[in-house]
Amino acid sequence: MGEYIGALDLGTTSNRFIIFDRWGQIVGLHQKEHRQIFPQPGWVEHDPMEIWHNSGEVIRGALAKTGLTGKDIAAIGITNQRETTVVWDKHTGQPYMNAIVWQCMRTDDLCRRLMADGGQDRFREKTGLPISTYFSGPKLRWILDHVPEARAGAGRGEALFGTIETWIIWWLTGGPAGGAHVTDVSNASRTMLMNLQTLAWDPEILKILDLPEAMLPRIVPSIDSDTWGLTRADGPLGAEVPVCGALGDQQAALVGQTCFAVGEAKNTYGTGCFLLLNTGHEAVASRHGMLTTVGYQVRGQQPVYCLEGAIAIAGALVQWLRDNLGFIHSAAEIEPLARGVADNGGAYIVPAFSGLFAPYWRADARGVIVGLTRYIDRRHIARAVLEAVAYQTLDVVEAMAKDSGVSLTSLRVDGGMVANELLMQFQADVLGVPVIRPKITETTALGAASAAALAIGFASGIDELKRNWAMDKRWEPSMAPEQRVRGIAGWKKAVQRTLDWTT
């Protein structure tokens, strides 16, 4: 057996292959961005073949940088941008169209039609999810409605559906020559098609959406001792390596942060922001706009469920400031710019670019900048951008507390934005609890590696993973209570200004 675990992290903007040693330390990594395709306002696509080719490139790149070969890798874990939908021909491996990305709004009309009979919570009891453009099921229906070749392929039993981990596992394990067509429970729970109790595709929902079950992948545990297949010797690893761990990116971060106990929570600050709270073996129904989702499952054990608050725009707001407005040249410039002022000067930004996600779920909302006066300059706007991320997180934490009855005692954080110490301090201030950053902030990839390591016995159990986790920095709340109350009140007022913008 090899001495290392590989994690393929299939993100929204880039793919990375990260190699970990037995102690969960990073040995090497390689990363490559892929194109963001915007065919029209509100639509977002990726090229699935580009993602597959880039996956090969980052695997070969990481191996080359470390001087390792595929034979040194004991197993591979996969983590992925969730809900993004691919439909392809099982004989050729060619997608029928670009992947529809989780942020895409094109299924809005279809979702409204589904809501007309039973409302937004029509499938929530079974799936834990509201009807929303966010999830994969409506995206699949849209493809079958609008791409005749996909519809014909589905009719002949030749079309396969999958989220990004399914697509890449299929290619890694052989593609058209017998690749494994699987999805793990954490990703399946994001399609709006899986029953949370049975962990199987729900026949009634498939019937309502008129989706053939033959297209859908087999649902498997996230941490699976029954390997789904071996990578091909003629593939990017150049060796036969078991693929046996898979988790949606946010669930992977939960595992990477070792939030294995009920009441432990993590927040990932990436393109969007995702806060997950472990609720144990009970799927807690949300009445306050949270999603009920599968955290992870070990083969032969009950699944662990989570409440999740999904925020669409976090790091993407900094990108918008950089790319669309030209305020900054690089994302790193925002912190020193925002530090140039003591507060937001009364300005708030609510980035409802594609509607508001949790806890509001309002597709009619659009982004606003409010509270502008002649006093405001670019430093205040930069600060308002960072504060928007922290305030959106507060909205989610408050809703979770109402649902679960569990008050947050601290928050473990990860993702690209946690390098921003001004944001981390402000987050601790508005939440009123300590914010804790781990030594390894690549927790998504670490979670995927941990899943694979547990599956093959490379790690002895979750106690070993907890021992390997280490804290880097902790921020304590230090804001005056009246300042906190005033700031939150301003934010809530700003959110109200985003509503009813589109009809």
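Mentor: The largest cavity is lined by G263, L275, L277, V397, M400, A401, S404, V406, S407 and L408. A cavity here is a set of points, on a 1 Å grid over the protein atoms alone, where a 1.4 Å probe fits but cannot get out, and lining residues have an atom within 4 Å of a point. Two elements give two or more residues each to this lining, β15 (273–280) and α12 (378–404); helices (H or I, at least four residues) and strands (E, at least two) are DSSP runs, numbered from the N terminus. The largest share, four residues, comes from α12.

This is a predicted model, in which local features need pLDDT of at least 70 and side-chain atom pairs count only at pLDDT 80 or more, while totals for chains, interfaces and linings use all residues. Residues are numbered from 1 along each chain as its sequence is written, and side-chain values use heavy atoms, with hydrogens and water left out.

By class, the lining of the largest cavity has seven nonpolar, three polar and no charged residues. Ala, Val, Leu, Ile, Met, Phe, Trp, Tyr, Cys and Pro count as nonpolar, Asp, Glu, Lys and Arg as charged, and the others, Gly among them, as polar. The space in this cavity is about 60 Å³, where a volume is the space filled by probe spheres set on the points, and points are joined across faces, edges and corners.

There are three cavities of 30 Å³ or more.

Of its 142 residues, Y134 and Y269 touch the most other members. Leaving out residues up to four places away in sequence, Y269 touches residues including V389, T393, L411, V413 and M417, contact meaning heavy atoms within 4.5 Å. Apart from this core lies another, of 35 residues, among them A99, A180, A239 and V243.

How values were computed. 1 Å grid on protein atoms, 1.4 Å probe; cavity = no way out; pocket = protein on both sides within 12 Å on 5 of 7 lines; lining within 4 Å. Core = buried A, V, L, I, M, F, W, Y, C linked by side-chain atoms within 4.5 Å. Buried < 20%, exposed > 50% of the residue type's maximum accessible area, 1.4 Å probe, protein only.
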